[in-house]
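Subject: Structure handover

Hello,

Here is the structure for you to look over. Please open it beside this email as you read.

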Amino acid sequence: MSINKITTAAVQAGINIDPHHGAVVAPIYLSSTYSLKGFNDKREFDYSRTGNPTRATFAQAIATLEQGSVGIVTSTGMAAVHLICQLLSTDDLVVIPHDCYGGSFRLFTHLAKRGQFKLIVVDQNDQKALAKALAQKPKLVLLESPSNPLLRLVDIEQVTKACHKVGALVAVDNTFLSPALQQPLLLGADIVFHSTTKYINGHSDVVGGVVVTKEQALGEELAWWANCIGITGSAFDSFLALRGLKTLPIRIKQHQENAEKVAAFLKNHTAIDVVYYPGFTDHPGHDIAKKQQSGFGAMLSFEITGGVNAVKKLFDNLSLFTLAQSLGGVESLISHPPTMTHAGMEEAARLEAGITDSLVRISVGIEAIEDILADLAHGLEQSQIA
Ligand code: PLP
């Protein structure tokens, strides 16, 4: 789907679907339950854990943007990951990337420790290690591209082909880009999922998730599990996220424009050792990004000179950037992955994945670029004063 088509589909999602009053915007249905027409004669919805009109409208909108068959809205992004885990039995093998979001890493490693499935954690850019893992015939391979927080990329199409050869399902975390910039199902993946808390809602006032499947049958199986274990999203959150979705393409455009300028500024800064941003031609994933994404996104991370003391001084001297966990909201956020988003990883695994104590992650907001750059310039200058 072209960006123009995505822009129109996002704005039009849920418009003019109210048959009773002609409400232009999709109404919000807060009712937990729905009357039957009569004995054993159900309407489309009967109980909001199972199905809710507002949630269904949002689910359909995301499924359309991701070019999938079924969308399942969950209460959080982690609930979306946990939902996918319901496909696994004790003897099934899962392969996850060694540098995925800390919460996903924690969930998979802890469920595996309890014997819910077998797990291989692998550097998915290490072709030999990945081939060795795939030779063990996993049931599921999780991809996260770009990865949180190091912005590493995997060639989704190529890896998916290798996974399908051994009969594995491929699920891609598309949180960092959103369907406006990447559509993994079109690259062959079976499942795409998001923390809608981030770019899709985009205003830092909802925690939510979504899973979209390419095939109808797989989607129905996951929808059954979502109801069974009770992790479906609320009507109000769905309403807000649908509202946020309408401006997703236009927000992303501004986020990206700012991020490109921030990346260039950081690259030349003496207080910075290295910047991780796929838009740089020397980024190892640059060519993959150009091939499978329609933009480089607005997330980046960097290693600051002076270690954790410099990180602290930087944070103490910023006023526009907010020190906070999340990402993808209109406001600029900054975080320290080792003590925040990836604190759930054991130190050895974290360092092995390349997440050092000097690492800082930025979610570039849509404020005026001169204000963003002035704030960073001031903070970085102060970070180097002894
Ligand atoms: N996936 C990625 C890439 C994330 O960054 C996050 C949260 O930061 C999640 C999944 C989990 O989402 P949530 O916090 O909505 O549960």
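Below are the findings, starting with the ligand and ending with single residues.

This is a predicted model, so local features need pLDDT of at least 70, side-chain atom pairs count only at pLDDT 80 or more, and totals for chains, interfaces and linings use all residues. Residues are numbered from 1 along each chain as its sequence is written, and side-chain values use heavy atoms, with hydrogens and water left out.

**Ligand**

S195 puts a polar side-chain atom 2.8 Å from an oxygen atom of the ligand. For T197, a polar side-chain atom lies 2.7 Å from a ligand oxygen. For K198, the distance from a polar side-chain atom to a ligand oxygen is 3.0 Å. Taken alone, the ligand exposes 390 Å², and the protein buries 92% of that. Accessible areas come from the Shrake-Rupley method with a 1.4 Å probe; for residues, only the protein chains shown count as cover.

**Salt bridges**

Side chains of opposite charge can pair when their charged atoms come close. The rule used is a side-chain nitrogen of Lys or Arg within 4 Å of a carboxyl oxygen of Asp or Glu. By this rule there are 10 salt bridges.

Some terms before the pairs. Helices (H or I, at least four residues) and strands (E, at least two) are DSSP runs, numbered from the N terminus. Buried means under 20% relative accessible area, exposed over 50%, and partly exposed in between (1.4 Å probe, protein chains only).

D91 and K118 meet in a salt bridge at 3.6 Å, N to O. D91 lies in the loop between α3 (77-85) and β2 (93-97) and K118 in strand β3 (residues 118-122), so the pair ties together parts 27 residues apart in sequence. D91 is exposed at 61% relative accessibility. K118 is partly exposed at 43%.

K267 pairs with D282, with the closest N and O atoms 3.3 Å apart. This pair links distant parts of the chain: K267 is in helix α9 (residues 248-267), and D282 is in the loop between β8 (272-276) and α10 (286-292), 15 residues apart. K267 is partly exposed at 40%. D282 is exposed at 56%.

D316 and K312 form a salt bridge at 3.2 Å, N to O. Both lie in helix α11 (residues 307-316), four residues apart, about one turn of the helix. D316 is exposed, with a relative accessible area of 53%.

E347, R350 and D357 are linked in a network of salt bridges.

**Surface patch**

Which residues form a nonpolar patch on the surface? They are I28, L30 and F236, with about 290 Å² of accessible area together. Patches are made of residues with over 30% relative accessible area and no salt bridge; like charges are joined within 9 Å, nonpolar side chains (Val, Leu, Ile, Met, Phe, Trp, Tyr) within 5 Å. I28 sits in the loop between α1 (3-12) and α2 (53-65). Its relative accessible area is 31%, so I28 is partly exposed.

**Single residues**

Is S363 buried or exposed? S363 is buried, at 1% relative accessibility. The residue lies in strand β12 (residues 359-363). Its side chain reaches the backbone nitrogen of G328 at 3.0 Å.

D123 is in the loop between β3 and α5 (127-134). D123 is partly exposed at 29%. Its side chain reaches the backbone nitrogen of N125 at 2.9 Å.

S89 is in the loop between α3 and β2, partly exposed at 42%. S89 and D375 are 286 residues apart in sequence and 50 Å apart in space, C-alpha to C-alpha.

Best wishes

Technical notes: A polar contact is a pair of N or O atoms within 3.5 Å; within protein, one must be able to donate a hydrogen and the other to accept it, and residues adjacent in sequence count only if both atoms are side-chain atoms.
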